[in-house]
Amino acid sequence: TQQLNHPYLGPGSVQHIWYDFHAECKGGRWDRLGNLLEQTMPALDEQGYFCAVPSTDLKTGGDNEDDSWGIRRIQDGVVRTNCMDCLDR
């Protein structure tokens with residue numbers, strides 16, 4: 001894991017996780033993807049995810065486009081990856 005710094009971001013706020021998909025999963029060793037998951041789970045758990053639901057659905061079970069949304073969870077990060085075929089580029 002390598003941490004990158006930027007003048008507008010706090011130290012350690014951007015992480016780069018190197019994973020050579022072709023080397024790790026060579027010969028159909030798909031179970032090795034678990035190693036990547038172990039590396040990424042702490043960051044994913046820390047940043048959470050965004051969840052919003054229509055307010056009407058919360059109260060009446062309705063389906064009206066004009067109703068507002070209720071925010072249930074806030075996400076505090078972003079994951080960026082290349083497509084599966086290009087993880088090593």
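Is W30 buried or exposed? W30 is exposed, because its relative accessibility is 54% and the cut-off for exposed is over 50%. The legends below take this residue and others in turn. The model is predicted.

**View 1. The whole protein holds three helices and four strands.**
Follow the sequence from its start. The elements come in the order β-β-α-α-β-α-β. The protein has 89 residues, and buried ones make up 11% of them. The protein exposes about 7400 Å². Carbon and sulfur atoms supply 52% of that area. Now take the contacts between residues at least 6 apart in sequence. Of these, 29% join residues at least 24 apart.

**View 2. F21 and W30 form an aromatic pair.**
A search of the whole structure finds one such pair. F21 is buried, because its relative accessibility is 8% and the cut-off for buried is under 20%. W30, at 54%, counts as exposed.

**View 3. E24 and R32 form a salt bridge.**
The structure has two salt bridges by the rule used here. In this one, the closest N and O atoms of E24 and R32 are 2.5 Å apart.

**View 4. D31 and R29 form a salt bridge.**
Here the closest N and O atoms are 2.9 Å apart. D31 is exposed, because its relative accessible area is 52% and the cut-off is over 50%. R29 has 40% relative accessibility, so it counts as partly exposed.

**View 5. L37, M41, L44 and V79 form a nonpolar patch on the surface.**
Together these residues have about 330 Å² of accessible area. Where is M41 found? M41 is in helix α2, which covers residues 33-47. Its relative accessibility is 31%, so M41 counts as partly exposed.

Terms used. Residues numbered from 1 in each chain as written. Predicted model: local features only at pLDDT ≥ 70, side-chain atom pairs only at ≥ 80, totals over all residues. Heavy atoms only, no water. Patch = residues over 30% accessible without salt bridge, like charges linked within 9 Å, V, L, I, M, F, W, Y side chains within 5 Å. Areas by Shrake-Rupley, 256 points an atom, 1.4 Å probe, with all protein chains shown as cover. Salt bridge = Lys/Arg side-chain N within 4 Å of Asp/Glu carboxyl O. Helix = DSSP H or I, 4+ residues; strand = E, 2+ residues; numbered from the N terminus. Buried < 20%, exposed > 50% of the residue type's maximum accessible area, 1.4 Å probe, protein only. Contact = heavy atoms within 4.5 Å. Phe/Tyr/Trp six-rings, centres within 6.5 Å; stacked < 30°, edge-to-face > 60°.
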